[in-house]
Amino acid sequence: MVTTVREITSAEAQIEWEVHLANRKAAAPKFNGPGRRNEGQSESELIIDAGPQRLSGANQAMQKLHGTFMQIMDVPLGDLLTDDAGRLIVLGGHGQSQSLPQSPLKNFADNDGWCDDVADGPVRATVRLHGSAAPIAADSAWVIVAPPDFAPPIENVVTLYDAVYNVMTRFAPRLGVSDATPVSFTKDVYPILRRVSQLHWVSKVAGGRHGEGMRLHFISHVPELSSNAPQDAGARDEIFQAFRKPQALRTQPNDVGGGMPKLPPLAEEKAPGAALTETQYKRMERWAQGTFDADWPGAEPVPLPLDQLSEQDQPQALDRAALDACVGGPFFPGIEASRVMLEETTYDSQHPFRINANLPPGALTATMAVPWQADFHDCTIDLGADWWPGQRPNEVRRGQERHAKWAPDRQDGWKFIDMVEKWSQLGFVVAKTVGDKVEYVEDERSLTP
């Protein structure tokens, strides 16, 4: 049976959207230690719930989403509107955090009396084609309102798409998600090598081994690494031996892989996800063995715009575009979503890459840090963490300074409250063309000492 896929807009149907965002952080189990955050307080007072909000038609004006914290604070969670084709647009919060009086910030994850405007929840649609009396309920989706990505051009070695795809291969092969296809250098191997090579722009740790001009700046050696010829096996195996073995593939605690320092160059043992996924690792193993398609076209392929993809491929492309921009580990506790993304029960068993509709709004972000700025404060190299520099840089290129601190740290007297109050003054990493090359440098920084 062939299933036809195409977009339906307001030109041919009445579409009623429903969005239900909530923030459950203040009522979630503590990330550190037993018990619940804000013990003794009613969950109904702690959960910031905007309720189901509906919107229908083209060019609908902005509709605000908000809830209440502790029956005192109004917390904006975002806005809804539609474009001229009736497509839904969900705009997130503004990154603001607030607290009850006399509520100190004690640690990076569990701070009672605090809330932020992170949220998540289901998106549903009812479609009634013009001339038809019968409405059709579309498959639901899920939206996450996350903290800012301060280095959007820098990809994470493990993206959220990689993490979710890995879960899918474990429980949903019957749905067409598997890892039985041949390994492609261009599609499967090169992206990992490129991501490691890019980290030197935002991490001095990565720059120590993978910076430009160094032997382990992988993308400088693509002609050799894209070859499956026997004489190039040594170069491939050297890189593979440097990758940390995922915990799920270890036969004993010290079975972490080869003898070299481990990749990705991130903190590891405190959290799952500081290694490639099992799927990525097995693909890299087949690459090292020479069992892959040497399909490198000579230059990095330019992704096709969405409207140039077949209608059959567009839904999957939308899923991947959203998830590839997010962190796939380590979830300690996470940035866009928590380690609940590694649990099979999080997903719809009948539809790949779809969230279980029985989960309550706010479930995907519940156990993450509250407020989010506290986690961003502590994810710094001076505390031994290099968790996710593709979202929260550790060091950046600022003017002539190669590895300038992106944010002050404790040694500079920077406190949790400083990150809460001044995060919007920190810079973003952007791509700039310098001569004939692209560099990734800090821009829009307004923070002063």
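## Salt bridges

A salt bridge is counted where a side-chain nitrogen of Lys or Arg lies within 4 Å of a carboxyl oxygen of Asp or Glu, and by this rule the count in this structure comes to 25 salt bridges. The structure is a predicted model, in which local features need pLDDT of at least 70 and side-chain atom pairs count only at pLDDT 80 or more, while totals for chains, interfaces and linings use all residues. Residues are numbered from 1 along each chain as its sequence is written, and side-chain values use heavy atoms, with hydrogens and water left out.

One of these pairs joins glutamate 18 to arginine 54, with 2.8 Å between the closest N and O atoms. Because glutamate 18 lies in strand S1 (residues 13-23) and arginine 54 in strand S2, the pair ties together parts that are 36 residues apart in sequence; helices (H or I, at least four residues) and strands (E, at least two) are DSSP runs, numbered from the N terminus. Glutamate 18 counts as buried at 17% relative accessibility, whereas arginine 54 is partly exposed at 45%, where buried means under 20% relative accessible area, exposed over 50%, and partly exposed in between (1.4 Å probe, protein chains only).

A salt bridge also links glutamate 442 and arginine 445, at 3.1 Å from N to O. In this pair glutamate 442 is buried, with 12% relative accessibility, and arginine 445 is partly exposed, with 26%.

Glutamate 155 forms a salt bridge with arginine 194, and their closest N and O atoms are 2.6 Å apart. Glutamate 155 lies in the loop between strand S10 (141-145) and helix H2 (160-171), and arginine 194 lies in helix H3, so the pair ties together parts that are 39 residues apart in sequence. Glutamate 155 is partly exposed, with a relative accessible area of 22%, while arginine 194 is buried, at 14%.

The second largest pocket holds about 400 Å³ of space, and Arg194 is among the residues closest to its centre, together with Gln198, Ile219, Glu300 and Tyr440, out of 20 residues that line this pocket. On a 1 Å grid over the protein atoms alone, a pocket is an open set of points with protein on both sides within 12 Å along at least five of seven lines, a cavity is a set where a 1.4 Å probe fits but cannot get out, and lining residues have an atom within 4 Å of a point. Helix H3 (185-198), helix H5 (222-225) and strand S14 (437-443) each supply at least two lining residues, and H3 gives the most, with four.

## Two isoleucines

Isoleucine 47 is placed in the loop between helix H1 (43-46) and strand S2 (48-56), and this residue is buried, with a relative accessible area of 15%. Although isoleucine 47 and alanine 366 are 319 residues apart in sequence, they are 9.6 Å apart in space, C-alpha to C-alpha. Isoleucine 89, found in strand S5 (residues 88-91), is partly exposed, with a relative accessible area of 31%.

Definitions and conventions. Points joined across faces, edges and corners; volume = space filled by probe spheres on them.
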